[in-house]
Amino acid sequence: MIFRSYCHFNKVTDITPDILRKMNIDTLFLDIDNTIKRFSDDNVSEDVLLWLDDIKSDGFKIILCSNNYKRNVEPFAKRVDIDFVHMCLKPSPFGYTRALIKSKSKRKNVLVCGDQIFTDILGANISFLKSALIEPIDTSNEAGTVGFRRRLFKRFHNKNMSRSNPF
């Protein structure tokens, strides 16, 4: 199904190098807002920073994939020392295609991690990439359109989160 994620996690830091190896993943495409940091907050929690370092030091590639403008994404990406693709236009496949080219990874070895069914998961499925639905960090300060999409896709979100993971 087009709105179905390959797997799901309560938070991005639940994804361990061992899980990635079991899934034959060598590259992560990470959404930013409400996946690795709160929306409209430039700070990242210490546990996420440690997790990013752990994933990178274990040899996995990470590309930040955001629908936001370069002027908003680049300073954050520099701060966490991770390459990025801005203006992904998710759910279209164009941003993920740019990330694939940048990472030099094969589709079968990429996991897209994001908190939104309509952008992250649908975009990954359209791009033939595995996806992980992550519970959003905080939904209290999101733009109105994001909240509307969350309410619209709540049934799909709940269905994804209730399934057992394949590993």
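Residues are numbered from 1 along each chain as its sequence is written. Because the model is predicted, local features need pLDDT of at least 70 and side-chain atom pairs count only at pLDDT 80 or more, whereas totals for chains, interfaces and linings use all residues; side-chain values use heavy atoms, with hydrogens and water left out.

**Cysteines**

A search of the whole structure for disulfides (pairs of cysteine sulfur atoms within 2.5 Å) finds 0. The sulfur of C88 has its closest cysteine sulfur in C65, at 4.5 Å, which is too far for a bond. C113 is likewise in no disulfide, and the nearest cysteine sulfur to that of C113 belongs to C7, 7.2 Å away.

| Residue | Relative accessible area | Class |
|---|---|---|
| C88 | 1% | buried |
| C113 | 0% | buried |
| P136 | 19% | buried |

Helices (H or I, at least four residues) and strands (E, at least two) are DSSP runs, numbered from the N terminus.

Strands pair if DSSP finds at least two bridges between them. Strand β5 (residues 110–114) runs parallel to β6 and pairs with it over 4 bridges. Within this pairing, C113 has A132 of β6 as its bridge partner. Strand β1 (residues 7–9) also pairs with β6 in the parallel sense, over 3 bridges, and here F9 stands opposite I134.

The helix of the unit, α5 (residues 117–126), is mostly covered, with 7 of its 10 residues buried. These are I117, T119, D120, I121, L122, G123 and A124. Just after α5, F128 adopts a positive phi of about 60°. Strand β6 is mostly covered as well, with 4 of its 5 residues buried.

P136 lies in the loop between β6 (130–134) and α6 (144–152). Although P136 and K37 are 99 residues apart along the chain, their C-alpha atoms are separated by 9.2 Å.

Key
Buried means under 20% relative accessible area, exposed over 50%, partly exposed in between (1.4 Å probe, protein chains only).
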